[in-house]
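Let's work through a few exercises on pockets together. Have your viewer ready, and try each task before you read the solution.

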Amino acid sequence: MSVAILAVQPLLLAATLANALRHSLIISYPRARFRPCLSAILLSAGLNLVIPGRVTEIVKATYLQKQLSIPLSNGTAAIVIERLLDLCVVSAIGFLGVFGVYLSNSQPILLAFTLTTVGLVFLRPLSIYLLPRLQTKTGRIVNFLRGNFQHVAKMMTWRLHLSALLLTVLSWSIHFFAIWLFFLLLPSYSLSLAEAALVFGAIIFAGALPGLPGGIGAIQAAVTFSLIQIGIPLEQALVLSFALHASEILICATCAPFILFTQPTGIGDLLRNPASRGESEQTS
């Protein structure tokens, strides 16, 4: 099983690299430097293993504000765009990969896909509509929201939509293939592509839920349930769920502590001086 865990790491790294490239495109114009964006993603994912609720998403924004002087509102706007893209693509892969076959009620998956698609289409028009209505208002929260809307209105062109969507599809497709390969390297538990899609959907949706650090518990339950549906006994399914989760977090768990202890993350600045955030967004 350790061979399977190590064998999928190059694929999972490639998926992370695609995510970092996407982040560099979305967070600023001209495109932000790739290496700090990669560090931001690894740091956020690593901290998510010890901090509950997925609040570590904001670390990407604070880190790049510190490293590249990118406004915090750019980072938070980019996070919203990325989550919409991710949920759209993952919902599509999960549903096409047999959610409708193995689960009696697939409407929530279709609803997630529909809502995120609508969100992606109307996010920029909504931002453009709201911007003039904030021009006469003041305050830290208003300034912060204005910065978010300005970034979305500026960046979310159809060309960027297409580039970001292609990178999202590439990243999650590689990730899906890594999960299929993981089980392929365990001959007793080899899965078809459709069965691997079921596990893929389970681990991604469970990991996205706010809860325990790193999705511990939720991921094991979701993956175990999926494997049982495929016909794998409970005991083996539980062991496989822990091994698959270990393969998913190995890279960020290894890299994040090094980044955290060797580079400024900007979290301290945000906590010490939150009042300055609105002013900085206003001037940016």
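On a 1 Å grid over the protein atoms alone, a pocket is an open set of points with protein on both sides within 12 Å along at least five of seven lines, and its lining residues have an atom within 4 Å of a point. The model is predicted: local features need pLDDT of at least 70 and side-chain atom pairs pLDDT 80 or more, while totals for chains, interfaces and linings use all residues. Residues are numbered from 1 along each chain as its sequence is written, and side-chain values use heavy atoms, without hydrogens and water.

**Exercise 1.** Describe the largest pocket and its lining.

*Step 1.* Its volume (the space filled by probe spheres set on the points, which are joined across faces, edges and corners) is about 1,200 Å³.

*Step 2.* The lining comprises 40 residues, and Ala45, Arg54, Glu57, Arg83 and Trp172 lie nearest the centre.

*Step 3.* Among the elements (DSSP runs numbered from the N terminus; helices are H or I, at least four residues) giving two or more residues are H3 (34-47) and H5 (72-102). H5 gives the most, seven residues.

**Exercise 2.** Which residues line the second largest pocket, and which helix supplies the largest share?

*Step 1.* This pocket has a volume of about 240 Å³.

*Step 2.* Its lining includes Ser24, Tyr29, Arg31, Lys154 and Arg159.

*Step 3.* H2, H7 (140-155) and H8 each supply at least two residues, with the largest share, three, coming from H8.

Note on methods. On a 1 Å grid over the protein atoms alone, a cavity is a set of points where a 1.4 Å probe fits but cannot get out, and a pocket is an open set with protein on both sides within 12 Å along at least five of seven lines; lining residues have an atom within 4 Å of a point.
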